[in-house]
Amino acid sequence: MNLLLIRHAQSANNLLYAETGSSEGRHADPPLTDLGHAQAAALAQFARSDATFGRVTHLYSSLMRRSVQTAAPLAQALGLPVQGLALAHEAGGIFGKDEAGERQALAGAAHADLLADNPALLWPPELPAQEAWAGGFEHYADDDRVLQQRAAELLRQLRGHHAPAGEVGETVALVTHGHFTQYLLREVTGHGSAYFRVFNTATTLLTLHGPDMPAEWGPLVGWVNRFDHLAPEQVSV
């Protein structure tokens, strides 16, 4: 299976932190900024003529609004639906803070609401069709194994669907998040403490062998943090 990881475009929270160095006043489930929409459009335009994107057979997205919005123009460019993936959310999930500053779980958006951002979005079949996504809230500050376990399960599921035994399988793209991408890459490469810089809408290409292939057949890393679809003034962290 070829896996093309895509970090979402600039969100309102990304901009807030870039401008203030603080998360005070953050959105629980932020939308894209104007720059973020421009980044997503640039990625989609690039995808129309790029050989790797031309081989994408399935497009997945986190159920967080910024990823769903990022995937919308890409889906149109590729002529593919966007399959929502509940496991692909950012570390910590959707949360607010109480008066004491403690994180409190919040629900995500419902399918009907997210369709306004991305008409191509398909709801995960395991989630109730008429209900909001639970939001994926998780504690990880003192023990991040929950993130590594979620990354491992997501990769296991994708391999099961798209990497038949003995074959390279299909090329799938996943719009996900900067922090969670670290755990996906650590799971794939075995570098448990490495940090991989990924800019907004940057892509990372991995080739993963099927579950029945020899363990010594490690992954092929095509590239990490490719963002040449962006103009210099469009690059953001």
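Analyst: Start with a definition: a residue is buried under 20% relative accessible area, exposed over 50%, and partly exposed in between, computed with a 1.4 Å probe on protein chains only. The model is predicted, so local features need pLDDT of at least 70 and side-chain atom pairs count only at pLDDT 80 or more, while totals for chains, interfaces and linings use all residues. Residues are numbered from 1 along each chain as its sequence is written, and side-chain values use heavy atoms, with hydrogens and water left out.

User: Is Asn14 buried or exposed?

Analyst: Asn14 counts as buried because its relative accessibility is 16%. Asn14 belongs to helix H1, residues 12-20. Helices (H or I, at least four residues) and strands (E, at least two) are DSSP runs, numbered from the N terminus. Ala12, Asn13 and Leu16 of H1 are buried along with Asn14, and E1 is included in what covers the buried residues of H1. Just after H1, Gly21 has a positive phi of about 70°.

User: What does Asn14 touch?

Analyst: Contact means heavy atoms within 4.5 Å. Leaving out residues up to four places away in sequence, Asn14 touches Arg7, His8, Ala9, Asn200 and Val237. A polar atom of the Asn14 side chain lies 3.0 Å from the backbone nitrogen of Ser11.

User: Where is Asp50 found, and which backbone nitrogen does its side chain reach?

Analyst: Asp50 sits in the loop between helix H2 (34-47) and helix H3 (51-54). The Asp50 side chain reaches the backbone nitrogen of Thr52 at 3.1 Å. With 13% relative accessibility, Asp50 counts as buried. Pro128, in the loop between E6 and H6, counts as partly exposed at 41%.

User: How do I read the sheet?

Analyst: Strands of a sheet pair through backbone hydrogen bonds, either parallel or antiparallel. Two strands pair if DSSP finds at least two bridges between them. Here seven strands form an open sheet with mixed pairing, in the order E6-E3-E2-E7-E1-E8-E9. Strand E6 (121-122) and strand E9 (220-226) stand at the edges with a single partner strand each, so one side of each has no neighbour in the sheet. Strand E3 (residues 82-84) pairs with E6 in the parallel sense over two bridges, and Gln83 stands opposite Leu122 in E6.

User: Which strands pair with E8?

Analyst: E1 pairs with E8 in the antiparallel sense over five bridges, with Asn2 opposite Thr207. E8 and E9 also run antiparallel, joined by four bridges, and Thr203 has Arg226 of E9 as its bridge partner.

User: Which way do the side chains of E8 point?

Analyst: In a regular strand the side chains alternate between the two faces of the sheet. In E8, Thr203, Leu205 and Thr207 point one way, Thr204 and Leu206 point the other way, and all are buried. Strand E8 covers residues 203-207.

User: Which helices lie across E2?

Analyst: For the angles, axes are lines fitted to C-alpha atoms, for helices over the stretch in contact, and angles run from 0 to 180 degrees between N-to-C directions. Helix H4 (residues 65-78) lies across E1, E2, E3, E6 and E7, at about 160° to E2. Helix H6 (residues 145-162) lies across E1, E2 and E7, at about 150° to E2.

User: How is empty space found?

Analyst: Rolling a probe the size of a water molecule over the atoms shows where empty space is left. On a 1 Å grid over the protein atoms alone, a cavity is a set of points where a 1.4 Å probe fits but cannot get out; a pocket is an open set with protein on both sides within 12 Å along at least five of seven lines; lining residues have an atom within 4 Å of a point. Grid points are joined across faces, edges and corners, and a volume is the space filled by probe spheres set on the points. The largest pocket has a volume of about 770 Å³. Its lining has 28 residues, with Arg7, Asn13, Asn14, Glu90 and His179 nearest the centre. H1 gives the most to this pocket's lining, four residues.

User: What lines the largest cavity?

Analyst: The lining of the largest cavity includes Leu5, Ile6, Arg7 and Thr204. E1 supplies the largest share of that lining, three residues. The space in this cavity is about 30 Å³.

Technical notes: A polar contact is a pair of N or O atoms within 3.5 Å; within protein, one must be able to donate a hydrogen and the other to accept it, and residues adjacent in sequence count only if both atoms are side-chain atoms.
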